[in-house]
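Please open the model in your viewer and keep the sequence panel beside it, since the tour moves by selection from one stretch of strands to a group of aromatic rings.

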Amino acid sequence: MTDQRIVVLGAGYAGLATARRLVRTAPGAAITVLDARERFVERVRLHQRAAGQAIPEWDLAEVLGRRGIRFVHGRTVELDLDAREVRTADGAALPYDTLVYALGSAAGTADVPGAAEHALAVATPEDLADAAPPSGLALVVGAGATGVELATELAETHPDLRVLLLGADEPMAALAPRARAHVRRVLDRLGVEVRTDAKVTAVTAAGVRLADGTEVAADAVLWTTGFRVPPLAAAAGLAVDGSGRVRTDATLRSLSHPDVYAVGDAAATAGRDGRQLRMACATALPQGGYAATAIGARARGAEPREFRFRYQVQCYSLGRGDGLLHVVHADDSPARLVITGRPGAWLKERIVRFAARQAGLPAGL
């Protein structure tokens, strides 16, 4: 495979897992990782950064260079699928024989008026680049996992801060009753106010407007609901779904362009029940490892087995001293076992560190 040029677009969990495995599955190939960031920041810790805590970072050129992988710092602006080139904002062109599309996702603020201008998102490191921890009343929009993790982190780190969690449903409504009850107890213990049946229709400089016309004032609005993927795939002519995620076959290869693989948040990958896998490092890491195996197999003239994935657990931090681990069935539906409190927090931290190792990030940073 000494003449094989493999370009991985994106150095998130999926992209790094792909590149790391390619060193073994595609020996001799020229592997290049392209990303607009020079440093890797764990997305699953961004709620900690939003609360003012220091979180680890890794230098991508150093991490990848240790494995003989070339890193290019640049922002992708165009994919030329006919010429098999990736073009960057500074005019560089990276040719490829195989492309791995792993550009991830960003906050979905575009659909709600004022959200992009007035709300602070916590979906990417750039969202928090110049952000200071909020004061006064912090309004967290979204009562899913990210919203609950953010609300509890803020309330625990800043006891004088008033935190209001807004959601259309009960906090983390998809969990089993015992798990939901624990989440609600922690929110109550930390003094987080919760308002359900609250759909935000606009964000203003003074707060938010709800579907019933109510205005809710806040000193800061933090946005945790919805994600969007980059438009590059659709613009280039790759087959995508309605949200712009690359449609793949059972081997994570593009349905329209067999020299392109898609992994992570930007890929529309079907699970065992036919539904798309949810956006998470728990799905991105296995996808990345599998894609590298499939690429190596085809380079040797073999046909890879289909990608098979089953969910195992969901885990959440509820501040530094509390957490929740929920065992789930293969289709991601809740099973009976729930671990909460300090054991839950300890397990969540172990899983986050394990995810970093699976992406090839050295420990201890």
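A residue is called buried here when its relative accessible area is under 20%, exposed when it is over 50% and partly exposed in between, with a 1.4 Å probe and protein chains only. The model is predicted, so to speak of local features requires pLDDT of at least 70 and side-chain atom pairs count only at pLDDT 80 or more, while totals for chains, interfaces and linings use all residues. Residues are numbered from 1 along each chain as its sequence is written, and side-chain values use heavy atoms, with hydrogens and water left out.

Select residues 85–88, strand E7 (strands, E, are DSSP runs of at least two residues, and helices, H or I, of at least four, numbered from the N terminus).

Thr76 has Thr88 as its bridge partner, and Arg84, in the hairpin of E6 and E7, takes a positive phi near 55 degrees.

On to strand E8, residues 93–95, antiparallel to E7 with three bridges; there Pro95 is the bridge partner of Glu85, and Gly91 in the turn has a positive phi of about 90 degrees.

Finally, select Tyr290, Phe307, Phe309 and Tyr311, which form one aromatic cluster. Rings of Phe, Tyr and Trp (its six-membered ring) pair if their centres lie within 6.5 Å, with planes under 30 degrees apart counted as stacked, over 60 as edge-to-face and the rest as tilted. The structure holds five aromatic pairs. In one of them, the ring centres of Phe307 and Phe309 are 6.3 Å apart and the planes lie at 15 degrees, so this pair is stacked. Phe309 also pairs edge-to-face with Tyr311, at 5.0 Å centre to centre and 85 degrees between the planes, and both Phe309 and Tyr311 are buried.

Definitions and conventions: Pairing = 2+ DSSP bridges.
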